[in-house]
Every structure is written in structure tokens, then in C-alpha cells.
Amino acid sequence: MVETFKLNDNRDIPVLGLGTWMIATDKTAQAVRDALEMGYRHIDTAQAYGNEAEVGEGIHTSGIPREEIFVTTKVAAEHKTYDAAAKSIDESLAKMGLDYIDLMIIHSPQPWAEWRDSDKNFDEGNLEAWRALEDAQKAGKIKSIGVSNFLISDLQNILDNGAVTPAVNQILTHVGNTPLALIDFCKEHNILVEAYSPIAHGEALKNKDIVAMADKYNVSVAQLCIKYVIQLGLVALPKTANPEHMKSNAELDFVISDEDMAILKNIDFKDYGEFSGFPVFNGK
């Protein structure tokens with residue numbers, strides 16, 4: 001929980017964070033407090049999660065100094081104009097009751113209703129949102145800026161036309177779905193990759209090959225999956241409101257061998273069960 005990676009803007013980001021997607025709003029503040037109490041220092045939320053206020057409450061009531069906590073939130077995918085993105089940044093600060101946000105990212109290169117729609121081009125809208133983030137960074141409202149769910153072409157648009165290189169690209173990465181070409185592109189351009197849903201939204205727990213590998217190391221499937229993305233050089237953002245799971249997720253004192261990392265990289269599954277309806281899981 002204290003290990004960090006260095007961002008391209010020379011700021012440190014904790015390697016392990018708490019994801020808060022789909023944590024019920026009435027449980028979010030306590031989940032944040034529990035995580036911070038046991039040593040987590042990286043909390044990830046988003047405008048679209050609808051729990052920024054509760055994340056802020058958890059931070060303010062945790063007793064942990066603000067400067068010790070790395071807070072991430074995301075500009076909603078639908079904000080593709082400068083004004084809409086800029087307004088949303090101020091709204092996020094107000095909802096969380098924070099003077100600054102450590103990392104703010106564009107949640108998706110397309111609005112969710114048009115996820116991966118190749119018939120529509122949102123390059124200009126992403127540049128507008130990116131310019132709003134750049135200006136908020138200049139104003140001291142945000143320390144670091146980045147993107148999420150961006151493919152290579154989306155990243156190239158920002159690299160070619162933006163003034164600041166994204167500090168991170170937060171993408172779906174887990175055993176069974178390791179987008180190595182995208183990860184390599186990010187590394188080549190010094191963009192840190194963050195892995196959301198590193199346990200495949202729980203579906204990895206049902207995969208017999210992953211279960212067998214976890215048994216080999218005498219660890220839980222969740223621990224194996226989190227360690228896997230960290231050994232790839234990625235930030236891990238497992239989501240849970242369960243304090244026991246939070247504690248277990250941070251107990252990663254083992255090393256996956258190179259041979260087993262290669263095996264895990266080659267596992268492939270795309271069945272997310274009841275969660276397949278979400279754009280990030282449905283393979284569209």
C-alpha cells in the first residue's frame with residue numbers, strides 16, 4: 001500500500017488503490033474510511049459513479065491528512081466540450097469538498113451510449129475536454145491529468161494535439177484480458193497504465209485455470225490477479241466495500257514466476273456474466 005510508481009509529471013502514485021465503482025452510496029464513505037484506516041492511500045472515483053460526495057466524506061472523516069491521500073476522479077464520458085468539462089471539474093471539487101484533485105481523467109473517448117462507435121469521431125471533443133483538464137492543472141485545481149479507456153488512436157490524438165502528455169491511461173486489464181499492444185504503446189510514451197477491474201468484476205474467481213494458479217501459490221484468486229497487474233508495471237484498482245477483502249487484497253508478499261506470468265498473459269476469456277451489459281465488458 002505504500003509502494004508507488006513515478007508519473008511522467010514526476011509525481012508519485014500509489015501502486016494499489018481502492019476502486020469505488022458500484023459501491024452503494026450509503027456504504028461508500030465507510031468503505032473509504034476503512035481503506036484509509038488500514039493503510040490505503042489511493043482512492044478512485046468518477047463523476048459517473050455518483051459517489052464523489054461520499055468519497056469526499058470518507059476522506060474528510062478518516063483522520064488521515066489530505067496531503068497523504070491520492071484522489072482520482074473522472075470527467076464524465078459525455079462531456080465533450082470545453083465548457084462542459086470545465087464546469088464538471090469544479091462540480092467534482094465542490095462535491096468532494098477538496099481544494100485540489102490529485103488525478104483527473106477523461107472517463108472514455110466516446111460517450112457511453114456510443115461506446116466504440118467507429119461511425120462517429122470524437123477526436124475534437126476529446127481535445128476540448130483535454131484542454132479543460134490542462135487549464136485546470138495550470139490553475140492548481142488538478143495535480144495530474146490523464147485518460148481512461150483510450151485506444152492507441154485516441155492517445156495519438158492527444159499526443160499530437162495536446163500540450164501535456166497524459167500521465168495515465170486507466171483501462172480494463174486482468175488475467176484473461178491483457179491488451180499488451182496498448183500497454184506497450186503507453187509504456188513507450190511514458191504513460192502509466194492503471195488496471196481497473198483487475199479481478200474481472202469477480203468473474204476471474206470462476207475461471208478454473210486462474211483458480212489452479214492461485215492454489216499453486218497458496219493465495220486467493222484476487223491476490224493473484226492483483227499481483228499479476230502490478231508485476232506488469234500497472235497500478236491495480238480492485239473494488240470492494242468489504243474490509244476483509246481490502247486487507248487480503250493488500251497482502252501481496254509473493255512473486256509470480258516469469259514462466260507463470262507468461263501463462264497468465266495467454267489466458268483469454270471475455271465472459272463477464274451478468275455484467276456483460278456494461279460497455280466496458282461487452283466487447284463492442
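How many aromatic pairs does a search of the whole structure find? Six are found, where rings of Phe, Tyr and Trp (its six-membered ring) pair if their centres lie within 6.5 Å, planes under 30 degrees apart counting as stacked, over 60 as edge-to-face and the rest as tilted. The structure is a predicted model, in which local features need pLDDT of at least 70 and side-chain atom pairs count only at pLDDT 80 or more, whereas totals for chains, interfaces and linings use all residues. Residues are numbered from 1 along each chain as its sequence is written, and side-chain values use heavy atoms, with hydrogens and water left out.

The ring centres of Trp21 and Phe278 are 5.0 Å apart with planes at 75°, so this pair is edge-to-face. Because Trp21 lies in the loop between strand S3 (18–19) and helix H1 (25–37) and Phe278 in the segment after helix H10 (258–265), the pair ties together parts 257 residues apart in sequence. Helices (H or I, at least four residues) and strands (E, at least two) are DSSP runs, numbered from the N terminus. Ring pairs link Trp21, Phe269, Tyr272, Phe278 and Phe281 into a cluster.

Charged groups also sit over rings (NZ of Lys or CZ of Arg within 6 Å of the ring centre and within 35 degrees of the ring normal). The charged end of Arg66 is placed over the ring of Tyr100, 4.1 Å from its centre, and that of Lys227 over the ring of Phe254, 5.8 Å from its centre.
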